[in-house]
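Subject: Structure for your review

Hello,

Please find the sequence and structure below. My notes on the chains and their contacts come after it.

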Amino acid sequence: MSKFVAKKTAEAREVRKAIGEYKYGFSMPENNIFKAKKGLDLERVEEISKMKGEPLWMKNFRQNSYKIFESKEMPKWGADLSQINFEEIFYYVKPSEGQVDSWDKVPKEIKDTYDKLGIPEAEKEHLGGIKAQYESEVVYGSLLDKLKKQGILFLGMDEALKEYPELVKEYFGKLIPPTDNKFAALNSAVWSGGSFIYVPKGVKVDLPLQAYFRINSLRMGQFERTLIIVDEGAFVHYIEGCTSPIYSSDSLHAAVVEIFVKKGARCRYTTIQNWSNNVYNLVTKRAKVEEEGIMEWVDGNLGSKVTMKYPAVVLVGRKAHGEILSIAVASKGQHLDAGGKCTHLAPETTSRIISKSISLKGGRSSYRGLINIASGAKNSRSKVVCDALILDKQSRSDTYPVNKINEREVILEHEATVSKIGEEQLFYLMSRGFSEEEAEAMIVNGFIEEIVKELPMEYSVELNRLIALQMEGSVG
Amino acid sequence: MKKYLYKGREMVKMLRVEAGEQVYLRTESVYDAPRQTGEVVVKAVVMENGFLDLSGIIKIKKKANLAEAFLRQKVLLVGKNSRAEARPELEIETDEVKASHAASVGRVSEEEIFYLMTRGFNRNEALDLIIKSFLGEEDEE
Amino acid sequence: MQVSNLWVKIGNKQILKGVEVSVNPGEVVAVMGPNGSGKSTLAYTLLGHPKYEVTKGEMKVDGKKINELSPDERAGLGMYLANQYPMAIEGLVSVRFLWQLYKKRQVGKKISGIVEFRKWLVVEAEKLGLNLELLNRGLNEDFSGGEKKKMEILQMMVFSPKYVILDEIDSGLDVDALKKIATTVKQVAEKMNVGVLVITHYNRILKYLKADKVVVFEDGKVSRTGGASLALEVENKGYLQKNNE
């Protein structure tokens with residue numbers, strides 16, 4: 001089933017509700033008072049909470065977070081964030097915002113990419129943010145029913161707060177408090193949308209859950225907040241994002257994802273991000289893993305002007321395991337600063353980071369990682385492999401790993417290599433009849449294969465094609 | 001805290017952080033012209049209650065094409081409460097390079113100690129031998 | 001496939017100093033000579049390796065001059081080089097690569113589906129004695145020397161060449177593997193009327209792949225030519241014959 005069909009389905013309902021499409025004859029929704037004001041202050045934060053009809057504790061949480069946001073300084077490291085203008089941002093977005101109102105306004109590169117990916121006309125408009133189409137919801141309705149029968153909760157974050165407030169309260173903000181960093185504080189103040197998932201003990205969710213399955217889901221909001229709780233012995237795989245370039249007129253995306261993996265449970269969180277190149281993508285993602293639990297972050301970063309994202313695992317229980325598999329492709333005008341953080345707080349914990357980054361056409365790709373092994377985390381092991389491929393002379397790659405070892409009974413290994421496409425490898429493939437461009441693409445695909453093979457099939461095929469597209473014209 | 005800063009592309013540094021000592025050691029290797037090569041190896045042993053802050057950077061500038069740069073950091077945590085932080089960094093501004101770095105941190109292997117003890121050395125003597133060979137050994141590769 | 005008065009240098013070093021070799025379809029020509037005589041240079045130059053500079057002379061395939069063609073264009077004419085030191089390409093899964101290669105070479109022709117292709121591939125791999133597990137690994141990734149050579153021959157089968165250049169394919173192979181590879185090349189050559197240029201140090205491969213002509217290279221030039229018996233003579237008496245006078 002095409003994922004585009006699914007997206008249309010979910011968004012159709014949301015957009016209909018919000019805009020009220022006359023031709024379908026639906027009534028206007030209650031929350032029709034959309035403030036089009038820019039900028040942020042304490043009052044606006046209160047308004048947001050009121051408009052959403054939230055419990056008092058959440059309103060207080062938001063306001064407190066706002067104060068923290070104001071008091072924190074911008075980070076002095078990482079990418080250049082000086083161009084972000086907080087005054088120009090709309091902090092409460094009505095669902096159809098972030099979209100343009102005519103196909104002409106969508107940037108040419110994005111339209112070209114859709115053509116090359118072979119995406120049909122109607123879907124192009126959808127992804128370009130023009131309009132949604134009405135589709136039957138029968139399939140997705142029954143899927144969600146099936147999940148519910150197993151006791152699995154899968155809702156939008158806003159709905160979850162309304163329907164399961166105690167459960168949400170128990171976990172919300174506990175792993176990533178607003179004090180964590182400036183952008184987590186911002187998200188904590190103005191968050192909207194995102195997913196809430198709870199998987200009961202021993203339940204293994206056999207198909208990957210994706211954002212667009214949810215009723216009331218929207219294409220990526222600016223300040224999404226996701227909370228996932230995987231109870232003992234359970235398993236879930238959640239997929240966020242989409243390989244197709246998403247055009248957004250919003251320039252700042254600051255999301256927060258908190259994941260709690262309980263004893264013996266396993267969670268895999270896959271992200272493919274391909275934001276248009278005007279977007280600052282600053283994300284805080286963290287998972288807490290208990291005894292014998294497993295957390296896997298699979299992170300693909302293709303788009304955005306700036307991305308700063310370091311999926312983290314905190315290993316609190318014996319034999320907990322965390323993995324971060326990350327791909328970043330930085331092209332012209334992009335700075336992707338990504339990596340991972342693993343904190344070992346218990347004995348016999350293990351972690352693995354594999355980072356593959358590619359820079360081309362003047363792009364800059366940086367790996368930033370932290371392995372922190374605390375005293376007492378005896379017999380823990382960590383392995384980091386970060387490889388970078390620089391495709392031309394204008395591009396740049398950096399590696400900034402930090403390894404803090406406070407326990408001597410451990411094994412830590414870290415390796416990094418930086419290289420370009422080898423002349424001998426190129427000749428070898430060309431002597432088989434492949435053009436220089438084809439040969440380069442094959443070598444690049446081989447470079448990232450280790451991670452790409454962990455992606456669901458439709459993503460891996462599209463990812464390879466997208467990268468080939470990006471590389472076009474980079475020969476010479 | 002003792003601080004050491006070494007600049008250069010080609011060097012081997014052996015270091016012993018004694019019991020209770022705190023040491024900061026940084027190596028900086030800058031490549032700024034074509035066809036330069038270099039290898040930096042830092043090996044350190046950290047004794048009881050010692051702390052080593054080990055930082056190393058390879059910077060390859062735009063003009064430094066065909067550079068071949070390597071950085072290797074190996075730390076052995078010997079005594080109780082010995083700690084280390086290892087930060088091997090790379091900043092690469094051009095494509096025709098071969099650059100790699102590796103860092104490893106670990107403790108002395110109990111098997112090695114046991115083996116030497118079965119040959120008649122007491123624990124301290126065994127440790128001493130292992131440390132000496134770690135610091136004095138040729139690069140295995 | 002024809003090479004006339006070919007002069008080739010790498011950097012400042014002149015390696016080939018006017019060599020002449022030709023291979024007709026269906027013919028097996030052996031090029032022999034001591035190390036450094038320029039045999040491998042000939043192989044790489046024929047496929048247009050960027051390091052090798054042709055300063056004089058012509059190379060032609062089926063009457064068409066190829067000096068200015070890029071490696072992929074030459075491969076497009078049906079030239080296949082079995083490398084002495086095949087490159088490993090990490091992550092490029094072998095079976096997938098071979099499928100891409102097959103599709104590339106069959107452009108304009110009818111092709112089998114991937115399922116049939118895989119079945120055929122497995123049969124050919126087994127005939128060569130190639131461990132099937134390797135098909136799922138990156139191309140030549142952590143393959144032994146012998147396995148890489150077998151993979152070169154498997155690729156050749158997929159490639160369906162018109163002219164094959166074997167660059168010291170016998171080096172490092174055990175007798176069994178050598179026999180399998182040589183007989184495979186021989187069968188393909190006979191069936192498809194392929195011209196084969198065998199570059200080798202020793203006579204052993206020529207026991208299975210009989211040469212129609214033997215050309216001896218010494219110091220970048222052709223020192224002698226002859227029939228199949230020349231190979232045996234060279235092996236028995238060594239290359240320095242001329243200088244022994």
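This is a predicted model: local features need pLDDT of at least 70, side-chain atom pairs count only at pLDDT 80 or more; totals for chains, interfaces and linings use all residues.

Residues are numbered from 1 along each chain as its sequence is written, while chains are lettered from A and ligands numbered from 1 in the order in which they are written.

Chains A and B

Chain A has 12 helices and 19 strands. Helices (H or I, at least four residues) and strands (E, at least two) are DSSP runs, numbered from the N terminus. Of the 476 residues in chain A, 54% are buried. A residue is buried if 20 or more other C-beta atoms lie within 10 Å of its own, exposed if 12 or fewer, and partly exposed in between, with C-beta atoms placed from the backbone. Among the contacts in chain A with a separation of 6 or more, 83% are between residues 24 or more positions apart; two residues are in contact if their C-beta atoms, placed from the backbone, lie within 7 Å.

Chain B has two helices and eight strands, in the order β-β-β-β-β-β-β-β-α-α from the N terminus on. Its C-alpha atoms fill a box of roughly 55 × 30 × 15 Å along the principal axes. Buried residues are 37% of the 141 in chain B, and residues 24 or more positions apart account for 69% of the contacts in chain B with a separation of 6 or more.

Chain A with chain B

Strands of the two chains pair (DSSP finds at least two bridges between them). β19(A) is joined to strand β8 (residues 98-107) of chain B by eight bridges, and the two run antiparallel. Thr417(A) has Ser100(B) in β8(B) as its bridge partner. β18(A) and β7(B) are also antiparallel, with six bridges, and here Ile405(A) stands opposite Ala84(B).

Strand β7 (residues 83-92) of chain B is mostly covered, with seven of its 10 residues buried. Within chain B, 10 bridges join β7(B) to strand β5 (residues 51-60), and these two run parallel. Lys59(B) has Glu91(B) in β7(B) as its bridge partner.

Chain A with chain C

Here 19 residues of chain A are in contact with 20 residues of chain C. On the side of chain A that touches chain C, α10 and α11 each supply at least two residues, and α11(A) gives the most, with eight. By class, this side has eight nonpolar, six polar and five charged residues. Ala, Val, Leu, Ile, Met, Phe, Trp, Tyr, Cys and Pro count as nonpolar, Asp, Glu, Lys and Arg as charged, and the others, Gly among them, as polar.

Helices α10 and α11 of chain A

The axes of α10(A) (residues 423-430) and α11(A) (residues 436-452) come within 9 Å and cross at roughly 120°. That makes α10(A) oblique to α11(A). Axes are lines fitted to C-alpha atoms, for helices over the stretch in contact, and angles run from 0 to 180 degrees between N-to-C directions. Angles under 35 degrees count as roughly parallel, over 145 as roughly antiparallel, 65 to 115 as roughly perpendicular and the rest as oblique.

Regards
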